[in-house]
Amino acid sequence: MKARNMTFCTLAGEGGYTLGLRTGRGILDVARASKLFRIKAPTDIHAVIEGADCAPLVKLAKKALSDRRGGSMLMPESRARSGPAVPRPGKIICVGLNYRQHARETGNPIPPVPILFNKYNNTLVGHRGKIRLPKKVSSQFDYEVELVLVMGRVAHDVPEDKALSCVFGYASGNDFSARDLMRVTSQLMLGKTCDDFAPLGPWVVSADQIADPQNLRIATYVNGERRQDSSTADMIYSSAQIVSYCSRHMTLRPGDIIYTGTPQGVILGYPPDKQVWPKPGDKVVTEVEKCGAPEVTLV
């Protein structure tokens, strides 16, 4: 049984990361429930992404919601300790200047092809985590709310009309950036790959729950103030086009993730005299409709 109508998360515990399943009464700790009810089930989101049978997860959820012992396996979302929603991606691919209004605000032309760059796993941080600002080397930090694609099937030279069938699910991310480091060389990498620069979560929403990834509201809040507010409809290259384009140049595999670009409203797009860069103590929330709103604190 494939993952359908399921919303997953990664829980952080003393023993490391484990799988969480969102239910109407809280998050099910799959590993604990599996042990309690003696139902063998995948306890790692990567196993699910790679095709593990999800029927035991459905059975566990029903058992936890109906059995009097199941209450101890469910925790309120407010109390859950989250790791990065996808903790071990093989590749983290990012797309730059992929919203029309964002290209305009930064004074850049519409790119003729998707602009690709990368992050690494050191950048990943979960919901309610912290971004440790590298103040010794940078002072111009910026937020970028993004829809994130989680690959679920091997994709090699996939046509656009079949590209979304290779997507396991969707998540909300923040392509956090150091703008001054991005200008040190012609490559973007240095300003994109500092530790904690890729908040991801709290959820991975199965693909069947997102009828149209090009019709999702997307927003950023800094200390409660809305800074970005747009729709994925403003993307220059759609999610399907991005997957297809990437797969022509490299094989995409289950667990790879793609940050699809950010809309207008970033600090970089402000006039120079109005650029007030985020600082330690700020709370940044990046929300994608149906995919969640990971919050991070800058320290």
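**Overall architecture and the setting of Lys40**

The protein contains 7 helices and 19 strands. Its radius of gyration is 19 Å, close to the 19 Å that the globule rule gives for 299 residues, so the protein is as compact as a globular protein of that length. The model is a predicted one. Taken along the principal axes, the box filled by the C-alpha atoms is roughly 60 × 45 × 30 Å.

Burial and contacts were then examined for the chain as a whole. Of the 299 residues, 56% count as buried. Among contacts between residues at least 6 apart in sequence, 75% join residues that are at least 24 apart.

At the residue level, Lys40 was examined. Lys40 lies in the loop that runs between helix H1 (30-37) and helix H2 (45-49). Lys40 counts as exposed because its relative accessibility is 78%, and the cut-off for this class is over 50%. When residues up to four places away in sequence are not counted, Lys40 touches Ser34 and Pro56. Lys40 and Leu60 are separated by 20 residues in sequence, and their C-alpha atoms are 9.2 Å apart in space. Lys40 is thus described as an exposed residue in the loop between H1 and H2, with contacts to Ser34 and Pro56.

How values were computed
Residues numbered from 1 in each chain as written. Predicted model: local features only at pLDDT ≥ 70, side-chain atom pairs only at ≥ 80, totals over all residues. Heavy atoms only, no water. Helix = DSSP H or I, 4+ residues; strand = E, 2+ residues; numbered from the N terminus. Buried < 20%, exposed > 50% of the residue type's maximum accessible area, 1.4 Å probe, protein only. Contact = heavy atoms within 4.5 Å. Rg over C-alpha atoms; globule rule 2.2 N^0.38 Å.
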